[in-house]
Amino acid sequence: MRRIIIGLSGASGSIYGIRALQLLREVEDIETHAVISPAALRTALHETSMAASDIEKLADHVHSHRDIGASIASGSFRTEGMLVAPCSIKTLSGIAHCYNNELIVRAADVCLKERRRVVLMLRETPFHAGHLALMQQADRNGAIIMPPVPAFYSKPASLDEMVTQTVGRALDLFGIHLPMVHRWTESS
């Protein structure tokens with residue numbers, strides 16, 4: 001069983017983390033570990049029609065954002081890595097500076113020190129020099145910065161298809177290839 005950590009932070013775009021959990025439920029050999037910040041729950045309640053309990057039920061395991069002693073906070077706990085979707089600037093800052101005051105940042109820091117994938121679906125625009133510097137530092141630490149920029153070559157017919165394609169491409173970075181993800185050389 002492969003494990004992946006999904007962190008949802010308080011930026012707009014909670015649907016990206018939710019969709020990742022939804023898609024991964026369909027992958028038999030993947031076990032999901034979710035960390036959902038209070039700001040992420042607040043945002044999700046505003047942006048979606050899902051209750052907090054509905055979001056939490058999508059994950060195999062849910063860890064409290066305050067539990068820095070959780071299994072996923074240890075390098076000896078084997079994972080494929082971590083997807084932070086959406087990733088707020090606050091969370092990016094914590095990851096860039098190794099400021100492990102809560103579990104999303106601690107789990108990402110552990111993945112980076114163990115040389116595991118950390119993909120940050122950064123949700124902010126426009127960027128100022130401070131944001132760009134944080135992205136550069138996180139990249140130097142080993143994180144992959146992947147703002148959820150839509151791909152139009154798949155000719156999405158809905159926002160749902162656009163979100164699924166973007167999340168599917170993020171999961172590609174972990175070697176998780178989903179059949180609904182359109183490839184450039186494939187017809188839509």
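Student: Before we start, what is a salt bridge here?
Tutor: A salt bridge is a side-chain nitrogen of Lys or Arg within 4 Å of a carboxyl oxygen of Asp or Glu. Keep in mind that this is a predicted model.

Student: OK. Which residue does Arg3 form a salt bridge with?
Tutor: Glu31. The closest N and O atoms are 3.2 Å apart.

Student: Where do Arg3 and Glu31 lie?
Tutor: Arg3 is in strand β1, and Glu31 is in strand β2. The pair therefore ties together parts that are 28 residues apart in sequence.

Student: Is Glu31 buried or exposed?
Tutor: Buried, at 19% relative accessibility. The cut-off for buried is under 20%.

Student: How many salt bridges does the structure hold?
Tutor: There are 6.

Student: Give me another. What does Arg2 meet in a salt bridge?
Tutor: The side chain of Asp29, at 3.0 Å from N to O. This pair links distant parts of the chain, 27 residues apart. Arg2 sits in strand β1, residues 2–8. Asp29 is in the loop between α1 (14–25) and β2 (30–36).

Student: How accessible are Asp29 and Arg2?
Tutor: Asp29 is partly exposed at 36% relative accessibility. Arg2 is partly exposed too, with a relative accessible area of 24%.

Student: Which residues are linked with Asp172 in a network of salt bridges?
Tutor: Arg169 and Arg183.

Student: New topic: Thr91. Where does Thr91 lie?
Tutor: In helix α4, which covers residues 89–96.

Student: Is Thr91 buried or exposed?
Tutor: Buried, with a relative accessible area of 5%.

Student: What does Thr91 touch?
Tutor: Leaving out residues up to four places away in sequence, Thr91 touches Ser9, Val84, Ile104 and Val105.

Terms used:
Residues are numbered from 1 along each chain as its sequence is written. This is a predicted model: local features need pLDDT of at least 70, side-chain atom pairs count only at pLDDT 80 or more; totals for chains, interfaces and linings use all residues. Side-chain values use heavy atoms; hydrogens and water are left out. Helices (H or I, at least four residues) and strands (E, at least two) are DSSP runs, numbered from the N terminus. Buried means under 20% relative accessible area, exposed over 50%, partly exposed in between (1.4 Å probe, protein chains only). Contact means heavy atoms within 4.5 Å.
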